[in-house]
Amino acid sequence: MGEEVKLLDFWGSMFGMRIRIALAEKGVSYEYVEQDLRNKSHLLLQMNPIHKKVPVFIHNGKPICESYIILQYIDEVWKDKAPNLLPLHPYDRAQAKFWVDFIDKKLYDGAKKIWAGKGEEREKGKKEVIEILKQLEQVLGDKTYFGGESLGFVDIGLIGYYTWFYTYETIGNFSIESECPKIMCWVKRCMQNESVAKSLPEPKNVYEFVVQWKKSFGLD
């Protein structure tokens, strides 16, 4: 099949990292189109006119937006390609979707208070992030991955945040490994997967980007 598969993305987006990992897991070839978030391309605005955000997944000319929706789409379209990203049992699938929704609604906002905020807001963000990660440690339990013995939907939904941990820790002056050691052990297991290791940027590069971003907006 002469399929067109294209990803509009920004290298430091933890949401875009999800799609890169999923496509690598499925062995799907695609064209990567880096986006300048300050000067959004006509293609990005055309393909995601509502939110105007990355990532946007384009399959045979049709755009799919929102990373958790894109993940489900990839899993369904390439269901003949192992592995399954979502669990097979309906209850387990529902639980996996719940926790990725939780990550999207809670972790991003809490973390942004750390790297973009100051004073009390930053301290509040630190407490929120630690609390969220501790909740996720309970969900992980003694399992290798959130879904069991193999990388799955929740793992892919969370692991991109790891590349921002160094930024949170450096700006917030705290240690995630000290507060949430089980999460960091899980990170190390995830990074043993080639699909993850090759899809994530260096954490220090993310930190340097954030420092420059804050300077440009007078937030340093």
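Visitor: Is Lys53 buried, partly exposed or exposed, and why?

Guide: Exposed means over 50% relative accessible area. Lys53 counts as exposed because its relative accessibility is 53%. Keep in mind that this model is predicted.

Visitor: Where is Lys53 placed?

Guide: Look in the loop between helix 2 (42-47) and strand 3 (56-59).

Visitor: Which residues form a positive surface patch with Lys53?

Guide: Lys40, Lys52 and Lys112 form the patch together with Lys53.

Visitor: And Pro181: how does its accessibility count?

Guide: Partly exposed lies between the buried cut-off, under 20%, and the exposed one, over 50%. Pro181 has 43% relative accessibility, so it counts as partly exposed. Pro181 lies in helix 9, which covers residues 181-190.

Visitor: How many residues separate Pro181 from Gly27 in sequence, and what is their distance in space?

Guide: They are 154 residues apart in sequence. C-alpha to C-alpha, Pro181 and Gly27 are 32 Å apart.

Visitor: Which residues of helix 7 are buried?

Guide: Start with the general idea. An α-helix has 3.6 residues a turn, so residues three or four places apart point the same way. In helix 7 (residues 162-172), the buried residues are Thr163, Trp164, Phe165, Thr167, Tyr168, Ile171 and Gly172.

Visitor: What comes just after helix 7?

Guide: Asn173 does, with a positive phi of about 55°.

Visitor: What does UniProt place at residues 89-217?

Guide: The unreviewed UniProt entry places the feature "domain: GST C-terminal" there. Over residues 89-217, the chain is 77% helix and 0% strand. The end C-alpha atoms of that stretch are 47 Å apart.

Methods: Residues are numbered from 1 along each chain as its sequence is written. This is a predicted model: local features need pLDDT of at least 70, side-chain atom pairs count only at pLDDT 80 or more; totals for chains, interfaces and linings use all residues. Side-chain values use heavy atoms; hydrogens and water are left out. UniProt positions are given in the numbering used here, feature names are shortened, and annotations may be inferred rather than shown by experiment. Helices (H or I, at least four residues) and strands (E, at least two) are DSSP runs, numbered from the N terminus. Patches are made of residues with over 30% relative accessible area and no salt bridge: like charges are joined within 9 Å, nonpolar side chains (Val, Leu, Ile, Met, Phe, Trp, Tyr) within 5 Å. Accessible areas come from the Shrake-Rupley method with a 1.4 Å probe; for residues, only the protein chains shown count as cover. A salt bridge is a side-chain nitrogen of Lys or Arg within 4 Å of a carboxyl oxygen of Asp or Glu. Lys and Arg count as positive and Asp and Glu as negative; His and the chain ends are not counted. The place of a charge is taken as NZ of Lys, CZ of Arg, CG of Asp or CD of Glu. Buried means under 20% relative accessible area, exposed over 50%, partly exposed in between (1.4 Å probe, protein chains only).
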